[in-house]
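Reader: Hi! Could you walk me through this one while I have it open on my screen?
Author: Happy to, ask away.
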Amino acid sequence: MDLIHDVLNILVPPIALICLILFYPSYLVYKFISYTKRSLTKEDVRGKVVLITGASSGIGEYIAYEYAKRGARLALAARREDRLLAVADRALKLGSLDVMVIRSDVTKVEDCKFLIDKAVNHFGQLDHLVNNAGVAQHALLEHINQITDFVPIMDTNFWGSAYCTYFAVPHLRKTRGKIVVIASTSSWSPTPGLNFYNASKAAQVSLFETIRTEFGGGIGVTIVLPGVIESEMANRKMLIQTGLDVLPIESTGRCAKAIVNSACRGDMYLTEPYWVGVGFLLKLLCPEVLEWTYHLHFVKNLWKLS
Ligand SMILES: NC(=O)c1ccc[n+]([C@@H]2O[C@H](COP(=O)([O-])OP(=O)(O)OC[C@H]3O[C@@H](n4cnc5c(N)ncnc54)[C@H](O)[C@@H]3O)[C@@H](O)[C@H]2O)c1
């Protein structure tokens, strides 16, 4: 019985792949028609209200500029108010009709309620919520001194986006609005050293896929899976130390433009840049190859760091 079970376990993924290859052409036609339709009827966000968490730097900052260029009204949230004010200033120059800044920490449930209420009280509505705030830390499990040091990763990446979404949903229902989640390819990629970060992103993706199913189209949910994007989090020094510098690094501006286009089209997922999705196929079809390669490349770098 065990043998049959094991053989089936090995055979099911390639059989599923063969079925996929057979039926995929018709699915591709459907995807092409639906993509063209969504591109032609892309949402015009001029005058619409967009709330972005973690807007003081990196991807969140550039997402703010992209919405600003399209004339959206912005609520920018993060902990560093001085940085937010500088972003707000530039967003106004780029064409935003109104920008407000809300100092808040997304790990605190009361801050998340406050920032949604404040934005809605000021603008009278909410059209897009961009859950972008995030933190990362690198260490092999065996190098961690205090396991509790890693609690803020889950609190920020998972709970922060869950809290903001919970308080935003009643307002997004009224406008048939959208939620944009800046997750990561880390949600499926077992990059050593990013253990708790990867887990927080996997939890985030699972939560938003589930609530998207619950909404059934009433509120759009675009899940963004970026690869390596230049930012404070993915700075050059960190990338070299951890070995992630072997991957091509995408510019923040280009990534933000793709994200806002994707949100306005109403895509379910965006993998940015698109080719990083190939790794997912590798994980599905031959996970040993992916894990061996990752172990050989990344773990030696992280031992050097210890
Ligand atoms: N840069 C990458 O390679 C990459 C790849 C995949 C996913 N991401 C994701 O993109 C998002 C943005 O990251 P980034 O790369 O621009 O890094 P970043 O460090 O430049 O930006 C993170 C932002 O989140 C804010 N933030 C952190 N903790 C917060 C808290 N408790 N409350 C409020 N704001 C908080 C920071 O102040 C900052 O504005 C994150 O969710 C990250 O996980 C980044």
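Reader: Let's start with Arg176: buried or exposed?
Author: Arg176 counts as exposed, because it has 11 C-beta neighbours inside 10 Å. A residue is buried if 20 or more other C-beta atoms lie within 10 Å of its own, exposed if 12 or fewer, and partly exposed in between, with C-beta atoms placed from the backbone. Do keep in mind that this is a predicted model, where local features need pLDDT of at least 70, side-chain atom pairs count only at pLDDT 80 or more, and totals for chains, interfaces and linings use all residues. Residues are numbered from 1 along each chain as its sequence is written.

Reader: Where is Arg176, and what is its phi?
Author: Arg176 sits in the loop between α5 and β5. Helices (H or I, at least four residues) and strands (E, at least two) are DSSP runs, numbered from the N terminus. Its phi is positive, about 50°, although Arg176 is not a glycine. Most residues other than glycine have a negative phi, and most peptide bonds are trans.

Reader: Which peptide bond is cis, then?
Author: The one from Glu272 to Pro273 is cis, with omega near -5°. Pro273 lies in the loop between β7 (269-272) and α9 (278-285).

Reader: Switching to the ligand: how many residues surround it?
Author: There are 28, and the closest are Gly54, Gly58, Gly134, Ser231 and Met233. A residue is near a molecule if its C-beta atom, placed from the backbone, lies within 6 Å of it.

Reader: And which elements give two or more residues to that shell?
Author: Those are α2 (58-69) and α5 (151-175). Helix α2 gives the most, with three residues.

Reader: How do the shell residues divide by type?
Author: They split into 11 nonpolar, 13 polar and four charged. Ala, Val, Leu, Ile, Met, Phe, Trp, Tyr, Cys and Pro count as nonpolar, Asp, Glu, Lys and Arg as charged, and the others, Gly among them, as polar.

Reader: Back to α2: why is it described as largely enclosed?
Author: Because 11 of its 12 residues are buried, α2 is largely enclosed by the rest of the structure. Among the buried ones are Gly58, Glu61 and Tyr65. The buried residues of α2 pack against β1 (49-53), β2 (73-78), α3 (81-94), β4 (128-131), β5 (178-182) and α8 (252-265). Two residues are in contact if their C-beta atoms, placed from the backbone, lie within 7 Å.

Reader: Nice, α8 is in that list. What does Ala263 touch?
Author: Ala263, which is in helix α8, touches His128, Lys178, Val180 and Thr222, not counting residues up to four places away in sequence. Ala263 and Val180 are 83 residues apart along the chain, yet their C-alpha atoms are separated by 6.7 Å. With 26 C-beta neighbours inside 10 Å, Ala263 counts as buried.

Reader: Now the other end. Where does UniProt place the "transmembrane region"?
Author: The unreviewed UniProt entry places that feature at residues 12-30. UniProt positions are given in the numbering used here, feature names are shortened, and annotations may be inferred rather than shown by experiment. In the model, the span is 100% helix and 0% strand, and its end C-alpha atoms lie 26 Å apart.

Reader: Is Ala16 buried or exposed?
Author: Ala16 is exposed, with 12 other C-beta atoms within 10 Å. Ala16 belongs to helix α1 (residues 2-40). The C-alpha atoms of Ala16 and Ala68 are separated by 44 Å.
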